[in-house]
Amino acid sequence: MATTLRRIAWFMAAVLACAAICSTEPTESAVHVLDSKTFKAWSTAQSLALVEFYAPWCGYCKAMAPAFEMAAKTLQKDKIPLAKIDCAVEKGVCDDMGIPGYPTLKVIKSGSFYTYNGTRQESSMVAYMRKHHRSAVTEVAATEFADFIKSERVVVMGFFDSGSSALRVLEEVAGDFRDEYAFGYIANKLTAKKLGLTMPGLVVYKDFDERWDPFEGTFVANDVRKFIKARSIPLLGEMSAQSFGTYAKAGFPIGTIFFKGEEWRKKLEAALLPVAKEFRGVVSFAFVDATFYERHAHQLNLEDKWPAFAIQDVAAHTKYPMDQSKDLTAEEVRKFVQAFASGSLEPSYKSDPIPKYNSDAVFELVSKQFVQVAFDRTKDVLIEFYAPQCIYCKRLAPVYNELGKSLRHNNGLVIAKMNAVTNDTPSNEPELDIPGYPTIVLIRANDNKIIKYEGDRSFESFVEFIKANGARKQADHPTLMSELPGQLKFNSTATEIKERIETLIKRDYLKRDGTDPSIYHYLS
């Protein structure tokens, strides 16, 4: 009996709990939901906000959702709103914003969008947004000065009065770099005097090289910005996979010194230190151990001969290997860097030889002729960037070859492919970055706009993509438009075209070529 009563009690408790839960109305989300009608007006109105661009099917978006919701609730008291927009529904908005993948987070500051550089945890989102909510430059008391200049790897410290124009310049610069460096200022003239500085003054403190660098120029934002970037990296540091991003962010071309063995490193450091000082702010110098990063040397078109030197301009996607038949002396490196700085050096591009015969249905493109072919304004050019070992490229090959054969006689269209392992892409267009294989783009005739292909890898999808995005329409694409008798229009699907061709063969309008079944001949 007691057991029965306990069971009844447990059952009633469960029923009451369920009733309580089921009767509770869902909690209102703290995240604003935007759409194409509200996105622009809402974004423009925000002084500071965080927006998530997501897709409902995205696993990473689902994983981040609870943290994003909690961050939104936490930041309500700071009056920092968080919002989201569904890119599966509002594709136009996300395309206009250039969203590369999901989830993408963007910070809004006074109506303008900036990259979010934090992590996807609630604590990181909250800390990041609160940091941007505060002034970019911290006023530092004289008693806090010694600790503040050691608080981060690079600290930028101003010495000027609170209302000075120099402080306004520093605040402008700090707005650009607040995620990377600490910024402060001190209005104590005595502290400045002890350091041998006059007000206004500016010093970059760091945990490498000379430990501190005073700014000696005029307080113009661009000059201050360039000075800070140049001093944010070592004069002759060591670059690795971990530190490459720091050098790239600094924004200067990287003079890469490849060495093997500590003895060679010491010799080169002593010889090249004056050159690094001379060109500071023009080229960043860094050592790279060829024992571990030989592949990087090959990417810069250097051979296995050490020591070696090359300049890599990350922003321009160009590289300049120094002639390895010359000794790596300070004088030779100085002349080479000077030639680069003056613009008289030509970038180096790895390329296969230009094929003697290029009569296949798919044009085999190489670096030496890339600009001439790819940016021909009289033609739409579809290019597949592939790697010979890529299994996905091998699977695509039959379809891509069929596409080339079917469209080979279109005067305004080129179907091409390029081995991206043995050929560099001689262009600094970001749309021609190769994130993986195969990467397929259409370079449109007339304006040379580059459009990435993101459809499925079927014949029909490729045809529809060319029709939708190509510039050379009716007159130049007879196979797509069709000059075949009757019925076919430019907006016909690939399936309709194939069916129509078969019909025309049956009616004796066309016949297949005897040697190449993808070629058709009109019958008079």
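Author: One term before we start: a residue counts as buried under 20% relative accessible area, exposed over 50%, and partly exposed in between. Also keep in mind that this is a predicted model.

Reader: What is its backbone doing, what is the phi of Arg211?

Author: Phi of Arg211 is positive, about 75°, although the residue is not a glycine. Arg211 is in the loop between strand 9 and strand 10.

Reader: Which other residue in that loop has a positive phi without being glycine?

Author: Asp209, with phi near 55°. Asp209 lies in the loop that runs from strand 9 (201-206) to strand 10 (212-214). With a relative accessible area of 34%, Asp209 is partly exposed too.

Reader: Switching to omega. Which peptide bond to Pro307 is cis?

Author: The one from Trp306, with omega near 0°. Pro307 sits in the loop between helix 12 (294-299) and strand 14 (308-313).

Reader: And what about the bond from Tyr437 to Pro438?

Author: That bond is cis as well, with omega near -10°. Pro438 is in the loop between strand 18 (413-419) and strand 19 (439-443).

Reader: Now cavities. How many of 30 Å³ or more?

Author: One cavity reaches that volume. The largest cavity has a volume of about 80 Å³.

Reader: What lines the largest cavity?

Author: The lining is Ala230, Ile233, Pro234, Leu235, Phe252, Ala276, Arg280, Gly281, Val283, Ser284 and Phe285. By class, that is eight nonpolar, two polar and one charged residues.

Reader: Phe252 is in that list. Which charged end sits over its ring?

Author: That of Lys229, 6.0 Å from the ring centre. Another such contact has the charged end of Lys417 over the ring of Tyr386, 5.8 Å from the centre.

Reader: Last topic, rings. How many aromatic pairs are there?

Author: The count is 23 aromatic pairs.

Terms used:
Residues are numbered from 1 along each chain as its sequence is written. This is a predicted model: local features need pLDDT of at least 70, side-chain atom pairs count only at pLDDT 80 or more; totals for chains, interfaces and linings use all residues. Side-chain values use heavy atoms; hydrogens and water are left out. On a 1 Å grid over the protein atoms alone, a cavity is a set of points where a 1.4 Å probe fits but cannot get out, and a pocket is an open set with protein on both sides within 12 Å along at least five of seven lines; lining residues have an atom within 4 Å of a point. Grid points are joined across faces, edges and corners, and a volume is the space filled by probe spheres set on the points. Ala, Val, Leu, Ile, Met, Phe, Trp, Tyr, Cys and Pro count as nonpolar, Asp, Glu, Lys and Arg as charged, and the others, Gly among them, as polar. Rings of Phe, Tyr and Trp (its six-membered ring) pair if their centres lie within 6.5 Å; planes under 30 degrees apart count as stacked, over 60 as edge-to-face and the rest as tilted. A charge sits over a ring if NZ of Lys or CZ of Arg is within 6 Å of the ring centre and within 35 degrees of the ring normal. Helices (H or I, at least four residues) and strands (E, at least two) are DSSP runs, numbered from the N terminus. Buried means under 20% relative accessible area, exposed over 50%, partly exposed in between (1.4 Å probe, protein chains only).
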